[in-house]
Amino acid sequence: METEKLVYAGEQLIWGQVGNMAISMAFATAFMAFLFYSFSVKNSIKGLLDWKLLGRVSIILHGIAVFTIIGVLFHIMIDHRFEYQYAWQHTSKTLPFKYIFAAFWEGQEGSFLLWTFWLVIIGTVLMFTSKEWEGRVMTIFAIVQMFLISMILGIVIDLPFLEEYKLGSNPFILFRDNPQFANIPIMHDFTIENGVKVNHYLEKISNSTVIPPRGLNPALQNYWMTIHPPTLFLGFALTLVPYLFAVAGLWSGKLSEWTKPAIPWAFIGIAVLGGGVLMGGAWAYEALNFGGFWAWDPVENSSLVPWLTLLGAGHLMLVPKNKGINLKAAIVFSLTSFLLVLYSTFLTRSGVLGEASVHSFTDLGMTGQLLVYLFFFMALPSFLGLHKISHRINFVAILLGVLALGILFNITIYLMLLAAVFFLVKPIFVGRNDPNYFPKDKKDDPIFSREFWLFIGALLINATAVHLTYETSMPVVNKIFGSKYAPTKISEYNLIQGVFVLFITLLMASVQFLLYKQEGAKKFWRNISRSFIAAIVLVITGIIIFPEFRDPLYISIVFTSMFGILGNVDYIIQFVKKKWKLIGPSLAHIGFGMIILGAVISAGHKKIISENTNGINLQMLNAEFKNNENIMLHQHDTVQMGPYYLTFVNDTLKGHIAYYQIDYLEKQKDGSLKKAFTLFPKLITNDRMGNVPEPSTKHYLTKDIFTHVTYVDLAKVKRKSSKTEMQMQVEKETQHFTLEKNDTIFGTSFYIVFEGLEALSSIDKVNGADPLTVTLRGSFVVRNFKGDVDTIRPIYDVKDNRVNTEKGVSQKFGIEMEIEKINEKDIEVAMREIKDDQSNNFIIMQAIIFPGINILWMGCFLMVFGTLFAVVRRLTKKSNG
Amino acid sequence: MRKSHIIILIVIASCIGLVFFSLSSSETYANFNESDQHRNKVYHVVGKLNREKDILYDPQSDANLFTFYLTDKEGVERKVFLHKAKPQDFDKSEQIVVIGKMQDDGFHAKDILTKCPSKYSDAQTTEVK
């Protein structure tokens with residue numbers, strides 16, 4: 001019996017086999033590319049053994065393999081092949097096809113594949129465009145690809161003395177191999193068909209009868225999830241290119257030449273990564289419940305930081321005939337951008353962040369692997385940058401020494417990380433001993449030269465990056481030092497980053513008026529004076545008009561960002577107007593200034609209009625914790641909030657999304673209320689992962705009105721959507737009373753007074769012998785505590801001794817009454833609240849007005865557009881000669 | 001010494017200054033007992049919800065007050081007054097971080113972080129029927 005194996009009906013294992021073969025091939029071809037290209041660096045023999053050609057062939061094969069992996073995984077997901085864990089976990093039969101991309105990169109493995117996909121495309125372009133750099137650049141590129149593919153290898157390695165180690169997480173793991181489901185009966189049930197034991201688990205899963213496929217998290221089923229990750233990952237992938245060129249520069253000894261081919265890549269990276277990060281902010285603003293554009297969340301920060309270092313690196317690369325400290329900084333910043341991308345991958349994927357982030361990530365057991373990669377790519381530039389064999393040996397010895405110390409004294413891996421940062425970066429400067437190493441800067445940069453202030457600017461940008469990295473790494477710091485620091489408050493981030501951005505925008509306004517390698521103080525002051533004065537006038541006008549405009553830091557940032565915008569407009573007027581092709585950088589700078597200005601204005605003038613003004617229980621609240629941002633809104637009630645009157649009209653459940661219709665009314669001149677617009681904030685229900693509210697926003701040119709449901713009783717909208725439960729509800733709530741005249745019934749939010757019966761027909765013959773015929777009508781007056789009044793009139797009709805009753809209804813209160821029996825002194829009535837739930841339905845909500853947010857969006861667009869425009873200009877100029 | 005060196009030194013010095021500034025004003029994690037000893041300091045307390053005791057949210061009377069009982073990592077249980085609306089995913093939360101100060105009647109929190117089984121990816125939590 002036991003020897004007979006189960007046959008699983010309906011499985012198509014071929015796809016997993018093809019996929020895994022492609023993964024092996026992708027790894028092998030990356031390794032081949034690494035070998036061939038590294039040979040090509042030393043030996044440039046043409047002919048049969050053209051290493052470079054072999055390298056190119058390997059890269060192309062590698063690309064084919066990667067595309068095959070992605071294609072197979074897509075096929076598995078589109079075809080709902082739930083025998084594969086990945087398809088089961090991220091898709092379901094009900095998932096609309098348009099979300100298949102979102103589902104693809106929802107998982108770790110898919111997002112690594114997305115990253116690899118972009119790198120393959122970038123690598124292919126690099127291969128054909130990097131000319132004399134090809135050998136070195138592609139060697140390092142191939143190493144990166146090997147590391148990335150290993151993240152999805154999923155090979156279990158049996159190391160002697162150590163427990164078995166799983167390298168990477170494979171996307172083609174079978175559902176039935178998942179240990180979580182190993183003991184479920186349906187995996188072991190079988191029927192005998194033609195003498196073979198056949199198991200039908202797949203059919204049951206596909207029909208969703210048992211353990212139905214998970215599908216994509218409803219909170220992620222939106223277009224942001226389709227466009228944000230690919231943009232961000234393209235940005236992450238692009239940070240690799242400056243790293244590649246900088247390492248190739250260190251390796252070849254061409255310490256300043258590497259910047260030339262790297263500049264366009266760096267700025268494409270700045271545009272794309274910047275766009276991706278801002279898109280994340282837009283997602284948070286539109287669809288997540290952050291209640292704003294930016295929350296300084298660790299995950300947001302860790303994608304912003306590589307952008308900042310890349311921004312610094314890109315600007316320093318622009319300095320012609322770069323040398324000295326500028327050049328060193330350009331190299332260090334180029335290297336750190338990519339390293340920080342790796343670091344943020346480590347932070348967000350290893351579960352270190354824990355409770356510090358609203359984005360919660362689970363540990364896939366790759367922490368060690370990610371840390372090793374981080375070390376490796378930290379050490380690589382220093383290793384290749386040392387040209388003497390003896391130096392390289394010393395360097396590796398130091399590294400191994402640190403590692404050994406770490407293992408010997410059981411110092412945590414995090415301490416090693418810290419040590420490594422100091423040990424590994426230093427050798428970049430060790431090379432100074434070589435006579436031809438870093439070209440020495442003979443004389444100091446003139447104070448009023450462009451490169452000097454570019455350097456200061458880059459330094460400041462990186463100081464902000466250091467601050468953010470430090471704050472984001474707080475959980476890591478806590479682990480190393482055993483401290484207990486909690487995540488920093490948003491207000492503190494705003495303060496520190498505000499001071500930095502103040503200086504950065506100040507430099508952005510003025511540095512372009514300086515010239516390279518020259519002093520020109522007088523001319524400089526004259527050139528910036530116009531925009532400076534204009535900005536001052538505007539800010540003073542603002543102070544006079546807006547009384548809330550008082551905080552000194554806030555005023556200063558508004559001024560410097562305004563100065564930044566105007567300075568660049570002035571630069572266009574003074575210098576660019578006849579050479580419009582040079583407009584790119586100025587546009588990007590104006591865009592950046594507008595982002596800062598828009599962010600500061602919308603945050604500074606943000607007005608929470610849903611503040612509770614009723615003053616209920618205020619004395620109970622500690623003044624310090626006074627928080628009236630949320631307000632309760634009953635269905636059909638109208639409450640004034642700021643300039644609007646809000647009505648909660650209705651709630652509906654469509655699929656798994658509950659929509660709450662909220663009408664915004666405006667007071668007309670004649671005092672009547674007129675509907676201005678309607679918003680539908682929603683609640684995405686998800687029994688498994690928790691319900692997520694999603695705000696709704698009305699956009700105007702000058703302001704946005706943001707509405708967010710913070711709490712609802714979900715059972716109510718659910719009950720309404722299912723009729724049978726509604727019926728049950730009604731049955732349950734029928735109450736019986738015996739009433740005398742003027743008696744009162746107290747309901748949940750109303751009270752009813754029985755005012756008596758009146759006869760609608762003659763009661764002459766009541767005491768006669770004829771069959772009794774009488775029609776009586778009851779009068780019940782309903783009131784609530786707000787003063788609404790209604791009368792319910794049920795009818796009691798007796799004809800030939802047979803009783804007919806007719807219910808009386810109050811639509812307004814949702815009450816139904818029936819006279820069941822009339823006694824001598826009193827009557828018996830049945831009362832039910834027919835729409836008890838609905839009449840008592842309420843939401844807790846928040847309404848916020850964000851002014852000037854469009855300045856920010858416009859700035860985002862300008863910054864990305866301007867940067868790309870400048871890159872295109874640079875590339876076309878180059879090809880024209 | 002060159003001008004550029006001086007400026008680098010200034011920038012590095014101000015960075016160190018910022019780190020100290022941010023450390024000195026940083027809030028820290030603590031348990032209820034520590035929080036009780038320093039009544040005027042804001043702490044982040046990590047704990048688990050006691051589902052046996054009252055979890056009260058009565059928006060009719062106050063939409064910005066929510067009370068429940070939290071057991072911290074040391075096993076100490078306190079009543080928590082959250083001066084905010086009840087988080088929508090509260091009932092599913094496994095771990096809770098409350099940010100606030102201890103008072104006589106309990107821990108008054110101005111903010112809360114709830115950690116669900118996993119909100120954005122769910123590789124590890126699976127319930128099997």
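Trainee: Which residue takes a positive phi just after H2(A)?
Mentor: In this predicted model, His80(A) does, with a phi of about 50°.

Trainee: How do you know that the end-to-end distance of helix H2 of chain A agrees with its length?
Mentor: The helix covers residues 51-78, which is 28 residues. The expected span is 1.5 Å times one less than the number of residues, so H2 should span 40 Å. The end C-alpha atoms are 40 Å apart, therefore the two values agree.

Trainee: Why is Val709(A) called buried?
Mentor: The label requires 20 or more other C-beta atoms within 10 Å. Val709(A) has 28, so the residue counts as buried.

Trainee: Where in chain A does Val709(A) lie, and which residues does Val709(A) touch?
Mentor: Val709(A) is part of strand E15, residues 703-712. Leaving out residues up to four places away in sequence, Val709(A) touches Tyr660(A), Pro681(A), Leu683(A), Pro693(A), Ile843(A) and Met845(A). For a contact, the C-beta atoms must lie within 7 Å.

Trainee: How many residues separate Val709(A) from Pro185(A) in sequence, and what is their distance in space?
Mentor: They are 524 residues apart in sequence, and their C-alpha atoms are 42 Å apart.

Trainee: What makes up the secondary structure of chain B?
Mentor: Chain B has 2 helices and 7 strands, in the order α-β-α-β-β-β-β-β-β along the sequence.

Trainee: What share of chain B counts as buried?
Mentor: The figure is 34% of its 129 residues. As for contacts in chain B between residues at least 6 apart in sequence, 47% join residues at least 24 apart.

Key
Residues numbered from 1 in each chain as written. Chains lettered and ligands numbered in written order. Predicted model: local features only at pLDDT ≥ 70, side-chain atom pairs only at ≥ 80, totals over all residues. Helix = DSSP H or I, 4+ residues; strand = E, 2+ residues; numbered from the N terminus. Buried ≥ 20, exposed ≤ 12 C-beta atoms within 10 Å, placed from the backbone. Contact = placed C-beta atoms within 7 Å.
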